[in-house]
Amino acid sequence: MSDETQAEPGLIAYEYADGSVGFPGHHLGLDGEEPVGTIDLREETATIVTWTTSTATPPGVREPNHLAIVEFELEDVDTPVRALGQLTTGDVESGDPVRPVYAEELRDPNTGIKAGSAQAWDGYRFEPLE
Amino acid sequence: METDRVAIIGASMTNFGQREAWIRDLLAEAGIACLEDSGVEPEAIDHCYVSNMSSGEFEGQGGIMNMLAHDLGLLPAYTQRVDQTSSSGGAGIYAAWQSIASGASEMTLLVGGEKMTHRTTGESTDIIASITHPDEYKHGVTLPSFAGMTARHYLERFDAPRESLAKVAVKNHKNGVDNPHAQFRKEVDLETVLESPIVADPLRLYDFCPITDGSAALLFCPESVAESYTDEYAIVSGIAGATDTHVVHERPDPTVMNGVVESGQAAYELSGYGPDDIDVAELHDMFTILEFLQMEGLGFAAQGTAWELVEDGVTDRDTGRLPINTSGGLKSKGHPLGASGVAQGVEIYEQLTNTAGPRQVDAEVGLCCNVGGFGNCVITTIMEAAQ
């Protein structure tokens, strides 16, 4: 793992006692218990389940905005872990393999209805694998 | 002892569309019309619920339930604002039903409303998108983009033709022509829908409901009280609400809205009716794909086959065995967030009391399904005509 990667926050999925894994985390899982562990998805590859290109975007959001639901198949985890995120390109198909790439700012924090300090605005886009 | 059933004895809705009125006057317009429709005096109201999603965000106006109670001379009636995002109207029906069924109120007025069109499309989209999880919101997710992703998955997985979604829009616009309160009273053809601008591919402009101002109202009381006002009323036979994951991608199957399934099953159980008993339905067609998902979740069609019913004309108003969205739906009638679920109830009430005019179908039992967020919370209501 490079130093640059270590400086980035993780793409963290949460493990629960019932064996389920989910992204993002919740205070309690659907089993009613707190998470028991985490899995960093940064170095994993995923598959596009479905995607869209949004052309009517809110203030502060890039236009067009390519979005996808992707699925991570993890060793020792029965059910694939899904995540939603921006795509680096709209030139994709369902089933394409992708990898997470870090972005410092996914949208302008100071333009939308939410308070800019209310949440983090960095995260991971998904880039098709060559 | 037989339980007194919950009746609806009055209904009204304002014109939906781009209105000069702000939220205060929209709510009052529908509330007064509903009282006049039923012949009930304001001092008879025990409870008053106001369904509204975001008057604070859209207009900067809070406390709208207190405002309405005073404006309509309802004091000292109990009042409460009901927010359940896009299903605020359905949640208002649930609250009103509970107030009567519990005996806490003998006369409950429900008014739902929203003022939206003074905002730009981008601003309105952002206010609505703010209901999403922070990890979704930061990616610029909008409700239409969820619809686009879900529609693509549905079409690919079930090999459904893109045209079948467009036919939902064509059908609902056709129905809306006969609704004097609808935002769009204009038919659209298949070619127009399929060639309209892309909003969230594969969905295009005509796959989406408009941004709308408007208000709607219903009046509830025990059946024993209803009979002293009118012979023409509707009964709330069953109602239930349910939730699904807040984070949309965490659902095991993107084409199943479990809130629809769970609320539908519970409403069927309470009413004693099943999917085959429903004569007319108002479904939450905020996006055309949602009409398919609700038809399947409510048991009108097996998973992945709702599009076939639309292709076969089963849901057509004048010739189908299960007319869906005779009002024009959110698609044509408009979607003033907090009003929409109430307006669904207005349409079913009118169908069951034979007051739907040119939209009238032969119906004894009707259903409305009001979806909040992208299936985050759902209210299903089943009504029947008074016997």
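How many of the ten residues of strand 8 (residues 234-243) of chain B are buried?

1. **Strand 8 and its partners.** Nine of the ten residues of strand 8 of chain B are buried, leaving the strand mostly covered; a residue is buried if 20 or more other C-beta atoms lie within 10 Å of its own, exposed if 12 or fewer, and partly exposed in between, with C-beta atoms placed from the backbone. Strand 8 runs antiparallel to strand 11 (residues 377-385) of chain B, to which nine bridges join it, and Ala240(B) stands opposite Thr380(B) of strand 11. Strand 1 (residues 6-13) of chain B is also antiparallel to strand 8, through two bridges, with Ile8(B) opposite Ala234(B). Strands count as paired if DSSP finds at least two bridges between them. Helices (H or I, at least four residues) and strands (E, at least two) are DSSP runs, numbered from the N terminus.

2. **What kind of model this is.** This is a predicted model, in which local features need pLDDT of at least 70 and side-chain atom pairs count only at pLDDT 80 or more, while totals for chains, interfaces and linings use all residues. Residues are numbered from 1 along each chain as its sequence is written, and chains are lettered from A and ligands numbered from 1 in the order in which they are written. Chain B has a mean pLDDT of 97, and 99% of its residues reach 70 or more; pLDDT is the predictor's confidence in each residue, from 0 to 100. The scores for the model are ipTM 0.95 and pTM 0.97.

3. **Overall build of chain B.** Chain B holds 15 helices and eleven strands. Its radius of gyration is 19 Å, close to the 21 Å that the globule rule gives for 387 residues, so chain B is as compact as a globular protein of that length. The radius is taken over C-alpha atoms, and the rule is 2.2 Å times the number of residues to the power 0.38. Along the principal axes, the C-alpha atoms of chain B fill a box of roughly 55 × 45 × 40 Å. Of the 387 residues in chain B, 61% are buried.

4. **The nonpolar core.** The largest nonpolar core has 141 residues, and those touching the most other members include Ile8(B), Leu110(B) and Phe220(B). Such a core is a set of buried Ala, Val, Leu, Ile, Met, Phe, Trp, Tyr and Cys residues joined through C-beta atoms within 7 Å. Leaving aside neighbours within four places in sequence, Leu110(B) is in contact with residues including Tyr49(B), Ile93(B), Ala217(B), Phe220(B) and Val342(B).

5. **Ser105(B).** This residue lies in the loop between helix 4 (88-101) and strand 4 (108-114) of chain B. Ser105(B) counts as buried because it has 22 C-beta neighbours inside 10 Å. Beyond its neighbours within four places in sequence, Ser105(B) is in contact with Asp46(B), His47(B), Ser99(B) and Ile100(B). Its C-alpha atom is separated by 9.3 Å from that of Phe220(B), 115 residues apart along the chain.

6. **Helix 12, an enclosed helix.** Ten of the ten residues of helix 12 (residues 288-297) of chain B are buried, so the helix is largely enclosed by the rest of the structure. Those residues pack against helix 7, helix 8 (162-176), helix 11 (258-271), strand 9 (280-283), helix 13 (306-311) and strand 10 (365-372) of chain B. Gly299(B), with a positive phi near 85 degrees, follows helix 12.

7. **Where the chains meet.** On chain B, 34 residues are in contact with 32 residues of chain A. Elements giving two or more residues to this side of chain B are helix 5 (121-129), helix 6 (134-137), helix 7 (143-158) and strand 5 (198-200). Helix 5 of chain B also has buried residues, among them Ile127(B) and Ile128(B), and their cover includes helix 2 (55-59), helix 6 and helix 7 of chain B.

8. **The sheet in chain A.** Three strands of chain A form an open, antiparallel sheet in the order 2-1-3. Strand 2 (21-22) and strand 3 (37-40) of chain A are at the edges with a single partner strand each, so one side of each is left without a neighbour in the sheet. Four bridges pair strand 1 (residues 12-15) of chain A with strand 3 of chain A, and Tyr14(A) has Thr38(A) as its bridge partner in strand 3.

Technical notes. Contact = placed C-beta atoms within 7 Å.
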